[in-house]
Amino acid sequence: IKTGVVKRLGKEKLAYENEAIKLAEKVEQMKIDKKDEYDIRKQTEVLEESKMMLPDCIRRLKTAFAELENMMETEKDLSETEEYKAAQAVLEENRVHLKAD
């Protein structure tokens with residue numbers, strides 16, 4: 001279960017980052033195209049909401065990552081199982097997400 005949580009939170013973090021990038025590009029394009037100020041302001045609010053979700057997502061990812069890592073340290077005797085190997089792979093994949101912050 002903890003492996004799934006880390007995997008899901010890693011994907012969630014990437015989704016929020018990608019959404020923020022796309023929204024920032026959209027807002028810039030709207031400014032270039034001289035769109036209505038109200039529409040630009042609303043899109044900017046949506047962008048800010050996406051950016052506000054990132055710190056919470058990162059905090060939850062760090063917590064879940066640490067819990068999984070600690071559990072794996074205490075369960076070294078299971079290191080030959082498929083679940084243990086899958087958890088190791090998920091930790092390695094998501095270690096990158098944590099280093100970027």
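**View 1. Helix α2 passes helix α3 in a left-handed crossing.** Left-handed here means that the near helix is turned anticlockwise from the far one by less than a right angle. This is a predicted model, in which local features need pLDDT of at least 70 and side-chain atom pairs count only at pLDDT 80 or more, while totals for chains, interfaces and linings use all residues. Residues are numbered from 1 along each chain as its sequence is written, and side-chain values use heavy atoms, leaving out hydrogens and water. Helices are DSSP runs (H or I, at least four residues), numbered from the N terminus. α2 spans residues 37-74 and α3 residues 82-99, and they pack at about 145 degrees with axes 11 Å apart. Axes are lines fitted to C-alpha atoms over the stretch in contact, and angles run from 0 to 180 degrees between N-to-C directions.

**View 2. Y84 touches M72, E75, K76, L78 and S79, leaving aside residues up to four places away in sequence.** Contact means heavy atoms within 4.5 Å.

**View 3. The largest nonpolar core has 12 residues, including V6, L61, F65, Y84 and L98.** Helices α1, α2 and α3 each give two or more residues to this core. Such a core is a set of buried Ala, Val, Leu, Ile, Met, Phe, Trp, Tyr and Cys residues joined through side-chain atoms within 4.5 Å.

**View 4. K13 sits in helix α1, residues 2-32.** How buried is K13? Its relative accessible area is 1%, and buried means under 20% (1.4 Å probe, protein chains only). The K13 side chain also makes a polar contact with the side chain of E17 at 2.6 Å; a polar contact is a pair of N or O atoms within 3.5 Å, where, within protein, one must be able to donate a hydrogen and the other to accept it, and residues adjacent in sequence count only if both atoms are side-chain atoms.

Note on methods:
Buried means under 20% relative accessible area, exposed over 50%, partly exposed in between (1.4 Å probe, protein chains only).
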